[in-house]
Amino acid sequence: MASSAPASRAASPALTELFTPKLITVLREGYGLADLRADILAGLTVAIVALPLSMAIAIASGTTPERGLFTAAVGGFLISALGGSRFQIGGPAAAFTVLVASTISRHGLDGLLLATIMSGMFLLLMGVFRLGSYIKFIPYPVTVGFISGIAVILFVGQIHDLLGLTLPGADPADILPKLATLAAAIGTTNPTALGIAALAVGVIIGLRRWRPHWPGILIAVIAASLAGALLQLPVETIGTRFGGIPSTLPGPALPPFSLDKVQAVLPDAVAFALLGAIESLLSAMVADGMTGRRHRSNMELVAQGIANVGSALFGGICATGTVARTATNVRSGARSPLAGMFHSVFIVLFMLVAAPLASFIPLAALAGVLVVVAWNMAEKTAFATLLRTSPGDAVVLLATFGLTVFRGLTEGIVVGFALGALLFIHRMAQHAGVEVHAPPVPEDQADAAGATRLPYDPAIATDPDVAVYRITGAFFFGAAATVGSVLERIADQHRAFVVDFSAVPFIDSTAANTMGGIARKAARHHVVLLISGATPAVRKSLTTHGVSGPTVLYERTVEAAIGAAHAEIARRSAPEVIAPA
């Protein structure tokens, strides 16, 4: 790509800048009363969404509902106060339910708290040693595979409360024994519980379609609770199973630990840290895409580490950035990390005021909420797209998905990443070759070489409207983040830009998805994006991931693309002619 090393070094941020929380950056830029009002309203909106969701996730994780609230209050506050994203909302995440439930079943609650503290330390070290950028090297099919796998496990985990089943013994953590146990108990289905769950799901879906700005999850839980309490329906509630929730936060305390206990929970702590890093940075990238800002990945990992330690000290479970609540924060008009901090404060206030009312919440309603979360969490469109893209990507996707569902998240990610690396090496070997008629160093041409040598045109190099970038070599998941960040900056500075793919022999789904995001950003900013020299295989991969007309134009050469860019700019700048009546 056309960038000089000195310029790159000059643009590199200092170490202190990389590890400065976004809260400090916002306060340095200036923070006024209007910003404060916007953040308070956004924090209140997110807290309304997070309140029932945090309890539902905690119950699905095999623990009590208040621990989800402790996580949102303490972990969420620290993530926003110390993180590297302006808009990140932290708290308990649905992706962790399987790991948390498995850890509790094997090591008890104390083992979970110890594993959470250890994972926080690992995340802190990952950020200090600046490993946040390496998280982006995980191939796109692996990400889609394990997120979809977690969605399936989350859905299966809700069948018990969704149908109001009476199980003969403990609910197994592994999916195959769980399915066998649920199948054996299917005759104990409670129609009333199923109706309450259907009511909650129907309210959420209906409000999302007709009143998308209303807090559908909270309204669904309130409606189900009122129906259960007023009609005295025979359904299990938070009160009947857990005895309610406390109205205040507990004091900080270290869980009991020993060297043997540390060694026993070490694999769980590593899995928590790995998933927490992926989930939080994915959420921060979603916020970046919605707002056009850029997060500090290593500072975000440091904050995630501190937040997990803090959450466990106050009796909470694993905390991480959450995509749905972060997106809600952005759409609610948040201006700074203070919105996330206010969200945590409102959670504590809700506990103080409304804790007794939580006893009336039916567990079937919370199960219905998590069924909707699982459906939204599953990468259905991306899953189908990857299955069509190439056999190699499909193998990586299905292997990650299958191992995540039937073996565990750690195995799914490790094997998926290894298969992705092997697939890349195989593809590179297929595309390696030497052109027989081309010497290693191109021969110089005489001035009278004829029409094959075009005269130098300084207008191309100094054109303020059109930027030309050339990608050389394989464009794959390892280069996608770097190339994407460069092209995103170009999209902010020019009216059109040309990306020359003539020297790109291969592009994988991660890079194609990155180009799709760049194309969408260019369209939002009314910037013309042109791609030149793409081979039929590269173009097919790009169009599969949404890099297609009318927002993107394809040309055979750079010169043709530049001409087309100027023509498109002129067309968009021309005044609209209104035909006479």
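How near do the axes of helix H10 and H17 come, and at what angle do they cross? Select residues 191-210 for H10 and residues 363-377 for H17. The two axes come within 7 Å and cross at roughly 45°. Axes here are lines fitted to C-alpha atoms, for helices over the stretch in contact, with angles running from 0 to 180 degrees between N-to-C directions.

Before going on, a word on what you have open: this is a predicted model, where local features need pLDDT of at least 70 and side-chain atom pairs count only at pLDDT 80 or more, while totals for chains, interfaces and linings use all residues. Residues are numbered from 1 along each chain as its sequence is written, and side-chain values use heavy atoms, with hydrogens and water left out.

**Stop 1: H10 against H17**

The angle makes H10 oblique to H17 (under 35 degrees is roughly parallel, over 145 roughly antiparallel, 65 to 115 roughly perpendicular, and the rest oblique). H10 passes H17 in a right-handed crossing; that is, the near helix is turned clockwise from the far one by less than a right angle, anticlockwise being left-handed. Now show side chains. On H10, pick Ala193, Ile196, Ala197, Ala200, Val201, Ile204 and Arg208; on H17, pick Ala364, Ala365, Gly368, Val369, Val372 and Asn376. These make the contact, meaning heavy atoms within 4.5 Å. By class there are ten nonpolar, two polar and one charged residues (Ala, Val, Leu, Ile, Met, Phe, Trp, Tyr, Cys and Pro count as nonpolar, Asp, Glu, Lys and Arg as charged, the others, Gly among them, as polar).

**Stop 2: the cores**

Next, select Phe146, Ile238, Phe272, Leu275, Ile347 and Met377, the residues with the most contacts inside the largest nonpolar core, which has 86 residues. Such a core is a set of buried Ala, Val, Leu, Ile, Met, Phe, Trp, Tyr and Cys residues joined through side-chain atoms within 4.5 Å. Buried means under 20% relative accessible area, exposed over 50%, and partly exposed in between (1.4 Å probe, protein chains only). H17 supplies the largest share of this core, twelve residues. Zoom in on Met377: leaving aside neighbours within four places in sequence, Met377 touches Ala94, Ala95, Ile147, Ile150, Ala151 and Leu154. Then jump to a second, separate core of 26 residues, which includes Phe475, Leu542, Val552 and Tyr554.

**Stop 3: H7 and H18**

Select H7 (140-157) and helix H18 (residues 380-389). Their axes come within 10 Å and cross at roughly 135°, which makes H7 oblique to H18. This crossing is left-handed. Tyr140, Pro141, Val144 and Ser148 of H7 meet Ala382, Phe383 and Leu386 of H18.

**Stop 4: two loops and a helix residue**

Arg130 is in the loop between helix H6 (97-128) and H7. Its phi is near 60°, a positive value in a residue other than glycine, and at 41% relative accessibility Arg130 counts as partly exposed. Gln232, in the loop between helix H11 (216-230) and helix H12 (238-242), has a phi near 50° and counts as exposed at 69%. Lastly, find Thr291 in helix H13 (residues 259-291). Thr291 and Val330 are 39 residues apart in sequence and 7.6 Å apart in space, C-alpha to C-alpha.

**Zooming out**

Buried residues make up 50% of the 581 residues.

Notes:
Helix = DSSP H or I, 4+ residues; strand = E, 2+ residues; numbered from the N terminus.
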